[in-house]
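Please open the structure in a viewer and keep the selection panel at hand.

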Amino acid sequence: MLTDGLARVRDRLARAAQSPSDGKAVLFVVAIAVGFLLLTTLLHLPHGPEHWSADFRTAHWSKHPDTQHKRIALIYVTERTLEAYPYLSPTDRQLLADLVKAVDATGPAAIGFDFIIDRPTEPAKDAALFAALREAKAAVVVGAVNEDAHAPGGGHSYQADYLAKVNRSIGHLHFEGVHRSKVIIVDNVIRLMAKPNTSRSYPAAFAEQLAQKAGSYPKPKSEYISWLLAPVDKSETFLTLSAEQVLGRSTGPALPLKDMLNDRIVLIGGNFSDRDQHLIPLSVSDGRRYPGLFIHGQILAQIIDDRSLSTLSIWVQAIIYLLATAIGFWVGRRQTKIHLLTELVSVMVLVGVGILAFIYAHLIFPYTGVLLTWLAGVSAGYYSRPHHRAA
Amino acid sequence: MPGCFAFSRRGLAAVLFGIGLASPAVAEMQVIESNAPAYKVGQTLANNQVFELKAGERVRVLVLPGNQTRVFEGKGSHRLEPRGGARSATKRKQPE
């Protein structure tokens, strides 16, 4: 049976190669298949309400501040910081203890500690870090990940012990955007903050906890991260220093650390080439990956600047989808042919509407839903015309 | 006439002194990170410094007195913006 079937297919392909019209049909099918594959690569239909161009829009039309953010500073531990140490991971706990103390001495508004402490290292160094975090004068938020990751059987983890010993506010370090499903095609770009999740061991997010330490701020209107682009004066988005500079282990004159860090929210974390590096919408042009600490800084900046991106409520979206279907149906009824041009213009108009909604209303336009309902309406209108019914 | 000449010299001095007062202090930059051999960490440079960098080279500076950090990276000539300017770092045109 199978061999007969394969033989039939082979014969048909051979005939198609000899017949010009059948050859064109095969080419057409191949072109459609390639086009469909490209479309699935670009659209990411299953998991997002937006067109792939949304990242270009975010990277070009988000807010350009005039200058560097005045409330936030980032301090990175890097491979260079650890050149003199025998191991890179886990990061030397004595170094981290010294760093926390050095930052605390500058009088920051709060310290955010973005290191996952999930395994013991050298006992004296571990104890030094715990003491530094516990005894810091500044408000401290320590980052943590879900307990499930470290104590799958529900047991007591080293992380839980550490958090109990330092006795500081805890913020989870998760972002949204990494889907584990095998069905959904994803690009692993971080676009969203973590959704509120009561099943998480630590419900409040790291940036959210830090913002609360520095004042009282409303919650963002949606989970979309409202990114800050590079400032107009071309400085870095956030004051950025390396750990060795803060610890005075760098060559050259000492930095005016007190002037630089006093009353700022100082985030301490790692910038290592092999971990915690993420794609974000700003990576769209060059594929550059950003450290998790930078993303936490962006979310924190959004909260304390009271910036938000809005999404439409489900009811408003439903009304827009109905309208798109109805207008599409009306257009379809009047078309003599379904033109590719109609579809291209539809896509361009909807991308344009999405950009305008983003710029002027800070709104995420549900591109994918509107396009699908619009095209469904056009098709339904076209094929319900009397001559089609007669045929 | 000599008195008039003396007055104009004093006037000129006053004008020059006034201009001196009105001019901003020359800002500086301190190199705080660098993988470019030409720019060492700790080096202090005038704010009109032009950084000549090769591909893959990166220099982070602390711009004084505002204490802002800024990064120059990649092949070409880079410098702080002129006062009031907001253009991107200029890249030297490479011969075809």
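The stops below go from a whole chain to a pair of helices and then to an interface.

This is a predicted model, in which local features need pLDDT of at least 70 and side-chain atom pairs count only at pLDDT 80 or more, while totals for chains, interfaces and linings use all residues. Residues are numbered from 1 along each chain as its sequence is written, and chains are lettered from A and ligands numbered from 1 in the order in which they are written.

**Chain A**

Select chain A, which holds 15 helices and twelve strands (DSSP runs numbered from the N terminus: helices are H or I with at least four residues, strands E with at least two). Of its 391 residues, 34% are buried, that is, 20 or more other C-beta atoms, placed from the backbone, lie within 10 Å of the residue's own.

**Helices α4(A) and α5(A)**

Next, select residues 93-104 and 123-135 of chain A, helices α4 and α5, whose axes come within 7 Å and cross at roughly 20 degrees. The axes are lines fitted to C-alpha atoms over the stretch in contact, with angles running from 0 to 180 degrees between N-to-C directions. α4(A) and α5(A) are therefore roughly parallel (angles under 35 degrees). Among the residues that meet here are Leu96(A) and Val100(A) from α4(A), and Leu129(A) and Leu133(A) from α5(A).

**The side of chain B that touches chain A**

Finally, select chain B, where 17 residues are in contact with 19 residues of chain A (C-beta atoms, placed from the backbone, within 7 Å). On this side of chain B, β1 (28-34), β4 (58-64) and β5 (68-73) each supply at least two residues. β5(B) gives the most, with four residues.

Key:
Two residues are in contact if their C-beta atoms, placed from the backbone, lie within 7 Å. Angles under 35 degrees count as roughly parallel, over 145 as roughly antiparallel, 65 to 115 as roughly perpendicular and the rest as oblique. A residue is buried if 20 or more other C-beta atoms lie within 10 Å of its own, exposed if 12 or fewer, and partly exposed in between; C-beta atoms are placed from the backbone.
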